[in-house]
Amino acid sequence: MKFSRRNLIKSFAALGSVGFSTRVLAQDKPNPNNLPPNLPEWTPDLGAGVDENPYGSPSEFESNVIRRNVPWLTASPQSSVNFTPLQDLEGIVTPNGLCFERHHGGVAEINPTDYRLMINGLVDREMIFSLDDLKRFPQVNKFYFLECAANGGMEWKGAQLNGCQYTFGMVHNVQYTGVKLSDLLRETGLKPKAKWVLAEGSDTSGMTRSIPIEKILDDCLIAWAMNGEALRPEQGYPARLVVPGWEGNMWVKWIRRLEFGDKPYMTREETSKYTDLLTDGKARMFTWVMEAKSVVTSPSPEKPILHKGIQQLRGLAWSGKGKIKRVDVSLDGGKNWRTAQLHAPIMSKSLVRFTLPFEWSGEELLIQSRAIDETGYVQPYIQELQKIRGKNSIYHNNSIATWLVSKSGKVDNVRLG
Ligand code: MTE
Ligand code: CO
């Protein structure tokens with residue numbers, strides 16, 4: 001398939017309100033001297049040696065594939081967010097350097113030798129674990145998505161950000177290595193009255209969340225590795241809490257303490273923040289699970305259609321309640337639906353890749369995707385969510401997005417109805 005950089009840049013320029021610059025990395029047209037039957041220019045010379053890049057990095061032609069932030073969402077870089085470039089990724093694994101970051105007080109710098117996890121409160125034995133202590137427990141290796149509750153939060157009132165990265169990119173999916181909290185807690189024991197846990201981070205933000213004990217004992221982990229290597233500093237090095245399927249805010253990074261108590265702690269992050277306003281003005285207190293959601297990553301505002309003929313639509317789906325059972329795709333704004341192909345592995349609380357081939361002859365399209373999970377839950381339209389939550393919500397927007405494909409192949413984020 002021929003790749004036209006000119007079209008790509010045109011589409012980026014359309015993201016005016018977001019205003020990021022792109023380096024031109026490839027010329028508009030291939031250099032004929034490099035095309036068959038000629039010997040390309042990179043063949044006669046010796047390439048770089050093995051010592052030149054001891055920790056590998058992507059090709060310089062991929063330097064457009066980066067995390068990006070939205071300037072008007074960034075009050076200060078230490079209390080901000082950037083977004084995963086979902087439109088440029090394949091399969092289901094998010095490379096470590098592309099996992100979106102959300103910090104409330106910057107990235108803590110922790111020497112692992114000084115790292116400790118303290119467990120106190122309603123336990124039989126209060127204990128302190130070093131990182132080496134944690135690594136002596138049986139380990140698990142599990143793929144989970146992490147989605148910020150505010151993912152898509154800017155889209156409650158209407159289509160606002162013209163990019164797949166900006167509207168869906170507060171999600172990543174990596175393989176965690178860690179210890180199950182249920183195993184760790186066998187060491188400390190639990191008092192019968194222990195019903196809630198206060199998880200506390202050691203960064204300057206004082207991040208604390210209450211988590212019910214059933215969830216802690218079900219599938220929560222203390223993880224020290226992601227995708228085979230130590231956690232990145234941005235992701236909580238040397239250890240973070242993993243709360244599969246639940247909102248990202250609860251996945252406390254740089255975790256230093258777990259306190260067991262008999263009631264929720266009602267911290268700032270679960271009272272003034274991370275609550276859902278309802279139409280009657282009251283707020284829903286706890287909304288932990290990230291419900292089923294999906295996104296078409298290509299075509300998308302960053303990935304216009306470049307040629308008529310056969311297209312491979314690609315996307316990602318996930319559910320905090322378990323496995324994705326089916327993904328439907330519509331090309332006409334929800335009138336007709338086709339079933340997309342789901343690609344193995346299909347794991348619980350992990351991103352799933354879907355594809356759908358279709359033929360394009362230059363007509364306008366309204367592309368939508370709808371995820372259905374194993375509980376039977378169907379991803380809703382925004383109008384259904386607004387009935388209960390109004391338009392002033394921020395969190396838990398898992399509604400169906402619409403990409404308008406124009407006759408030129410340009411793609412825009414639009415709102416129908
Ligand atoms: N933990 C601490 N200690 N400090 C933080 O600022 N941010 C939370 C959560 N855990 C945060 C934290 C939020 S809101 C989210 S969405 C996730 O971490 C983001 O995780 P990531 O940066 O690995 O993507
Ligand atoms: Co968040």
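This is a predicted model: local features need pLDDT of at least 70, side-chain atom pairs count only at pLDDT 80 or more; totals for chains, interfaces and linings use all residues.

Biologist: Which residue forms a salt bridge with Arg257?

Modeller: A salt bridge is read from distance, as a side-chain nitrogen of Lys or Arg within 4 Å of a carboxyl oxygen of Asp or Glu. The partner of Arg257 is Glu200, and the closest N and O atoms of the two are 3.1 Å apart. Because Glu200 belongs to strand β7 (residues 196-201) and Arg257 to strand β12 (residues 255-261), the pair ties together parts that lie 57 residues apart in sequence. Glu200 also counts as buried, at 17% relative accessibility.

Biologist: How many salt bridges does the structure hold?

Modeller: There are 23 salt bridges in the structure. One of them joins Lys410 and Asp412, at 2.7 Å from N to O; here Lys410 is partly exposed, with 32% relative accessible area, whereas Asp412 counts as buried at 15%. Salt bridges may also share partners, and in this way Glu200, Arg256, Arg257 and Glu259 are joined into one network. Another bridge links Glu229 with Arg232, where the closest N and O atoms are 3.0 Å apart, and Glu229 counts as partly exposed at 23% relative accessibility.

Biologist: How many helices and strands does the protein chain have?

Modeller: Both are DSSP runs numbered from the N terminus, helices being H or I with at least four residues and strands being E with at least two. The protein chain has six helices and 23 strands.

Biologist: Why is helix α4 described as largely enclosed?

Modeller: Six of the eight residues of α4 (residues 181-188) are buried, so the helix is largely enclosed by the rest of the structure. The buried residues of α4 are Leu181, Ser182, Asp183, Leu184, Leu185 and Thr188. After α4 comes Gly189, which has a positive phi near 70°.

Biologist: Where does Asp132 lie, and is Asp132 buried or exposed?

Modeller: Asp132 is part of helix α2 (residues 131-135), and at 57% relative accessibility Asp132 counts as exposed. From Asp132 to Arg116 there are 16 residues in sequence and 9.7 Å in space, C-alpha to C-alpha.

Biologist: What share of the residues in the protein chain is buried?

Modeller: Buried residues make up 53% of the 417 residues. Folding can also be read from contacts, meaning heavy atoms within 4.5 Å. Of the contacts with a separation of 6 or more in the protein chain, 71% come from residues 24 or more positions apart. As for extent, the C-alpha atoms fill a box of roughly 75 × 60 × 40 Å along the principal axes.

Conventions. Residues are numbered from 1 along each chain as its sequence is written. Chains are lettered from A and ligands numbered from 1 in the order in which they are written. Side-chain values use heavy atoms; hydrogens and water are left out. Buried means under 20% relative accessible area, exposed over 50%, partly exposed in between (1.4 Å probe, protein chains only).
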